[in-house]
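Q: I am new to this structure and would like to learn how to read it. Could we go through it one feature at a time?

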Amino acid sequence: MHGPMTDRSPAGLGIGATWYAARCPPRQPLPALDGPCQTEVCIVGGGLAGLVLAQELVNHGVDVVLIEAREIGAGASGRNGGFCSPGWAASDESIEKRLGLDRARVLYDLSYEGFTLIRGLLPEVERTTGHLQVSTYSNANALRQFCEHRAVHYGQVLEYVDIEAVRSCLKTTRYYQGVRDTDAFHCNPLQLCQTLLDTLQSTSVRMYEYTALTRFSAATDGWHIETPAGSVHARKMVWCCGGYGGAEFRGLRNRFLPITTYIGVTSPLGPPLQDVIRTSDAVSDDRRAGNYYRLVGDNRLLWGGDITAFGQHDPAQIARRMAQDIAGIFPALALDNGRVPIEYAWSGLMGYARHMMPLVGPLSPGLWACTSFGGHGLNTSAAAARVVAEALTDRSDRWQLFSPFSFSWNGGAVGPAAAEMCYRLMKLSDRWRAFRARRATPSEPVS
């Protein structure tokens, strides 16, 4: 993500840097590419999709070069909420409408495959299980139907949580019923990227940091990629660049929107935090761009929320915004002269396609895209990277599961304005729905 997210802070401490970086041990930077090299596949982007793709390819004997413009995991892959569960950002209804139920099941199974892949990368001590999605209005029948639909058609067992149970673990009257996924987990996503990096360093994959793609051109037997101090000649190239890809990626940059999201981490809050959040589950609400949060080390609360197509990257402003959001749900946490104390705050750029599905597939012969995982969670980039690796090694054509979700135009110069307008309308709709819920259901004391 932009602005302070790209700052190189060795310690990773304080406002403007991420809590994730502060929790990861320092490592020696990878070298920048200096001079020419040749390879079978060049991966552009050192986020989760690029790293999993490199691992999948090298496991099948493919020669790989990976280049990253900043540091491994410096973009969205190392700065997101750290949630991982099966499924996609697009709703079951929208996927089933486009694909039919049978193909939607196959796509769900692929998302579960990615979930299993990510879960297997981290020891149990480095991940915490459980995800609770709560409703901001009384929605019991719809949530029960959702649980039943997932169980009958997708084989996923979800737990319906009634209003009393929700409010027993989250001390607020802003929430009603919920759905709990006991298999889901959450983790430090930067640590996940570094785990993959450690594994790849013992393989033949050549990886370079601070090596941006500046220009590329087609060659008779592949692609010629130029970087600030070197070049790569590759038979095939895969773009895993996400929201940070710029004009150098030509047409792909016009197929998704880089949307800014925000995260803050509080100072240690002690007993008040234990009193109002009585679950180790990651929590998210049902608004289109709602809040998501989880307890992290030392009695801290990691809190994400809000999106914009234009982006405010000032860390102090992000801290104020996250503090206001937290206090609006949990006023008991406003411990610092009426404010919630925020110690870390950052923004991030996620790639979002209009249909809310990843952009996966060939752009031209030998040139592939594996990008736009905004809103999905950690599992989807791994699933997409696996099917691209299968295609590049002629082992399957599963990537075609994504072909109905085309590389549609993002609206060009007016795209961000249109996305911002849609988001603000959704916020108004969410607020109206929550207001009606509070009017219909008088607030009850929370034990």
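Q: Is Cys-241 buried or exposed?
A: The model is predicted. Burial is read from relative accessible area, and under 20% counts as buried. Cys-241 has 13%, so this residue is buried. Cys-147, at 8% relative accessibility, also counts as buried.

Q: How many disulfides does a search of the whole structure find?
A: A disulfide needs two cysteine sulfur atoms within 2.5 Å. The search finds zero.

Q: What does the chain look like as a whole?
A: Start with the secondary structure, which comes to 11 helices and 17 strands. Of the 447 residues in the chain, 55% are buried. The accessible surface is about 18600 Å², and carbon and sulfur atoms hold 51% of that area. Among contacts with a separation of 6 or more, 76% join residues 24 or more positions apart.

Q: At what angle do helix H4 and helix H10 pack?
A: Helix packing is described by an angle and a distance between axes. H4 (residues 101-121) and H10 (residues 379-392) pack at about 105 degrees, with axes 7 Å apart. Angles of 65 to 115 degrees count as roughly perpendicular, so H4 is roughly perpendicular to H10.

Q: Which residues in H4 meet H10?
A: Those in H4 include Leu-110, Phe-115 and Ile-118, and their partners in H10 include Ala-382, Arg-386 and Val-387. By class, this contact has seven nonpolar, three polar and two charged residues.

Technical notes:
Residues are numbered from 1 along each chain as its sequence is written. This is a predicted model: local features need pLDDT of at least 70, side-chain atom pairs count only at pLDDT 80 or more; totals for chains, interfaces and linings use all residues. Side-chain values use heavy atoms; hydrogens and water are left out. Buried means under 20% relative accessible area, exposed over 50%, partly exposed in between (1.4 Å probe, protein chains only). Helices (H or I, at least four residues) and strands (E, at least two) are DSSP runs, numbered from the N terminus. Contact means heavy atoms within 4.5 Å. Accessible areas come from the Shrake-Rupley method with a 1.4 Å probe; for residues, only the protein chains shown count as cover. Axes are lines fitted to C-alpha atoms, for helices over the stretch in contact, and angles run from 0 to 180 degrees between N-to-C directions. Angles under 35 degrees count as roughly parallel, over 145 as roughly antiparallel, 65 to 115 as roughly perpendicular and the rest as oblique. Ala, Val, Leu, Ile, Met, Phe, Trp, Tyr, Cys and Pro count as nonpolar, Asp, Glu, Lys and Arg as charged, and the others, Gly among them, as polar.
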